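At each stop you will get something to select and a few things to look for.

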Amino acid sequence: DPTLREVAEPTGRFIGTAINDGLLSNSTYRNIAATEFDSVTAENVMKWDTVEPQRGQFNWSGADRLVQFAQQNDQLVYGHTLVWHSQMPGWLQNGSFSNSEFRTIMTDHVTTQVSRYRGQVQRWDVVNEAFNEDGTFRQSKFYQQLGSSYIADAFRAARAADPNAKLFINDYNTETANAKSDGLYRLVRDLKAQGVPIDGVGFQNHLIVGQVNGSAIQQNLKRFADLGLEVVITELDIRMRTPADSTKLQQQARDYRAVADACLAVSACSGITVWGISDRDSWVPDVFPGEGAACPWDDNYRPKPAYEALRAAFVAA
Ligand code: G3I
């Protein structure tokens, strides 16, 4: 049978996965990651707490490993993530800085990381999860100290550091039209109007089995695409109450298919990244006790109906 990347390639879209750096030494994991996907995202190792755990002390080992893995396997790299309220190093989260010092720290971080991987990371999540559920700006340290101007400044710093990388804003619960995605829509429309260098919007798609509305997702992707932006499904997983059974797995397959079909129906949707390979390694059970089985491969790294559904979506496109 063809792999996901083999069926995705003729559609002109990428199929990616989040890579858990600690699992690259597992040959089963590594083989699936290399053969099934043509794009990789670091699940954790490109986040600020990993790359600069102490101020001015950098640790690029995991990020370098990911980029090297991608080059070995002829894969794109989706950079995740530069400016995010979560997984900030303690010195940054708890430190006391003047507003101007804090702005410089942020833009220096963006410049340093994007420059390091210039030409090697094709897309960056420059800003991640900037919104509350009601569409207002999240009261992150960035927002509290700098107001919404931190967003434009982060994008300008990223563009200057790698003019060829495509720059994204990424969020969750923005997959369909709602208060949060409306807030995001207004922001990116205004950024575009102001000439801020933004190229795309990432939609995480951490979804729930039986609650996926493919046509609503497609329409929402389309409205952002109509602003002249690229759109990407950046972190797809679809969780259920565990244990899984065949009814739930079949519904999950239909839900994966619906998300893939929504992307494939929008020409500006350039790819789909799933947030992990195996249910065994997923973040979901840690954060949602009693839920899981959200990935395309099961606990034993065997492909699930969701995997077959993804493949069928590309074949049909
Ligand atoms: O590395 C430490 C380890 O030393 C320690 O023993 C262990 C004990 O808990 O924690 C380890 O760190 C964990 C880290 O993943 C690496 O495994 C953190 O506790 C854990 O919180 C962290 O979770 C990650 C989460 O982001 C953090 O917010 C998940 O792996 C990762 O899948 C998840 O990904 C996010 C995206 O970046 C943004 N969108 C939502 C998505 C899901 O939450």
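Start with two helices: H6 passes H8 in a right-handed crossing. A crossing is right-handed if the near helix is turned clockwise from the far one by less than a right angle, and left-handed if anticlockwise. Helices here are DSSP runs (H or I, at least four residues), and strands are runs of E of at least two, numbered from the N terminus.

Before going on, a word about the model. It is a predicted one, where local features need pLDDT of at least 70, side-chain atom pairs count only at pLDDT 80 or more, and totals for chains, interfaces and linings use all residues. Residues are numbered from 1 along each chain as its sequence is written.

**Stop 1: H6 and H8**

Select residues 99–116 for H6 and residues 149–161 for H8; they pack at an angle of about 30°, with their axes 8 Å apart. Axes are lines fitted to C-alpha atoms, for helices over the stretch in contact, and angles run from 0 to 180 degrees between N-to-C directions. H6 and H8 are therefore roughly parallel (angles under 35 degrees count as such). Now show the side chains that make the contact, including Met106 and Val110 of H6 and Ala154 and Ala157 of H8. Contact means that C-beta atoms, placed from the backbone, lie within 7 Å. By class, this contact has 8 nonpolar, 3 polar and 2 charged residues. Ala, Val, Leu, Ile, Met, Phe, Trp, Tyr, Cys and Pro count as nonpolar, Asp, Glu, Lys and Arg as charged, and the others, Gly among them, as polar.

**Stop 2**

Next, select H10 (residues 214–225) and H11 (residues 246–264), which pack at about 30° with axes 8 Å apart. Look for Ile217 and Leu221, among the H10 residues that meet H11.

**Stop 3: the ligand**

Which residues surround the ligand? Select Glu43, Asn44, Ser86, Gln87, Tyr172, Gln204, Glu235 and Trp283; each has its C-beta atom, placed from the backbone, within 6 Å of the ligand. This shell divides into 2 nonpolar, 4 polar and 2 charged residues.

**Last stop: the whole protein**

Zoom out to see 13 helices and 10 strands. The C-alpha trace spans about 55 × 40 × 40 Å along its principal axes.

Methods: Two residues are in contact if their C-beta atoms, placed from the backbone, lie within 7 Å. Angles under 35 degrees count as roughly parallel, over 145 as roughly antiparallel, 65 to 115 as roughly perpendicular and the rest as oblique.
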